[in-house]
Amino acid sequence: MKKAQFDIPAFTKNQNKTQTVLLVEQLKKDEHILNFIKRNNCSIDLVEKYPIKFNKWLDVKMKCENCPGLNSCVQPVKGQFQDLEWNGLLTPVIRTCRYQVTQNKEVAHMVNYLVCDMPKHFYNLKIEDIQIRGESKDYFDALLKVVDWLKNPKERGLYLYGSVGVGKTYIAACAANYFARKGKKVAFIQVPDWISRMKNCFDADDTFTKEISKVKRADFVVFDDIGAESVTPWVRDELLFPILNKRMEEKKMTWFTSNEDFVSLENHFRNTKQNDQEEMKAVRILERVKALSNEFQIPGKNRRNQG
Ligand code: ADP
Ligand code: MG
């Protein structure tokens, strides 16, 4: 808890005393002040001694009264407010509001992400919070299988594929949060973005090596949107292959999301040149993907831009 600084204007004898007397009278009747006095087992005389401090405290408190949530916060720092503490001295302190405390708890698991490319609004997703009302039976059945996998993880992960916007990333984010909440180390990689970042830090030896090592050793990894990246031999053979190979060897839980099924992902990895070597390398990387995951179609329509 941080100490706060109230901005108390100088109070001189020349100032309007009647106003102060009126203020003190009002404060002494206020239920919040009375509660404060009772709670802290102190004397009401304190209000006479520190009317400005109490008035300011009340001001701040009233701003929080009836607040529906963090998005409506009117305090200078969202989710924090200045409070008063009685410890023999009347001390201003900064506190975190109940909404912020709840939110902090909801995203506490984020410390377990070694790499996190998921959008911020996915941080508190939970599979059990997915609304099934109005969903198709196919989607519901798919969700049940996902939940079943999470409760009883198999050696092979899930390769969620399907059309754009059906909710593959959403489900994979729920899974990643599920494991992060259980204290597992997790990496959620948005493949095209991550590859661009890796290209940019290739020369910064340390950053590059550390990042690769995180993805190799994480307990659970989601490769989100694999197949949407532009493939070069370096991306396929030097970047992705060693990671997938290592995770396969160590039987580490790995999921993918993609718009492509296994067959079109293999074509995607064939690159532009048609020769036997390319063919072999595409087969080789797909073998790793297949060893790590089972193809699993997510049914449904594009949910983007739905009201
Ligand atoms: P995909 O990865 O399949 O392209 P996303 O997971 O990005 O699709 O989902 C598309 C949009 O639909 C996102 O805005 C996401 O928040 C929303 N969405 C996905 N699944 C659900 C769901 N079960 N309930 C509510 N919104 C969802
Ligand atoms: Mg997606």
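The entries below go from the whole chain to the ligand.

Ground rules first: this is a predicted model, where local features need pLDDT of at least 70 and side-chain atom pairs count only at pLDDT 80 or more, while totals for chains, interfaces and linings use all residues. Residues are numbered from 1 along each chain as its sequence is written, chains are lettered from A and ligands numbered from 1 in the order in which they are written, and side-chain values use heavy atoms, with hydrogens and water left out.

**Overall build.** I found 12 helices and 9 strands in the protein chain (DSSP runs numbered from the N terminus: helices are H or I with at least four residues, strands E with at least two). I looked up the C-alpha trace too, and along its principal axes it spans about 95 × 50 × 35 Å.

**Around the ligand.** Which residues come nearest to ligand 1? Among the 13 around it, they are Tyr139, Gly165, Lys168, Thr169 and Tyr170 (near means a heavy atom within 4 Å). Helix H7, residues 168-181, gives the largest share of this shell, 3 residues.

**Polar contacts.** I looked for N or O pairs within 3.5 Å. Oxygen atoms of ligand 1 lie 2.8 Å from a backbone N or O atom of Gly165, 2.8 Å from a polar side-chain atom of Thr169 and 2.9 Å from a side-chain N or O atom of Arg304.

Technical notes. A polar contact is a pair of N or O atoms within 3.5 Å; within protein, one must be able to donate a hydrogen and the other to accept it, and residues adjacent in sequence count only if both atoms are side-chain atoms.
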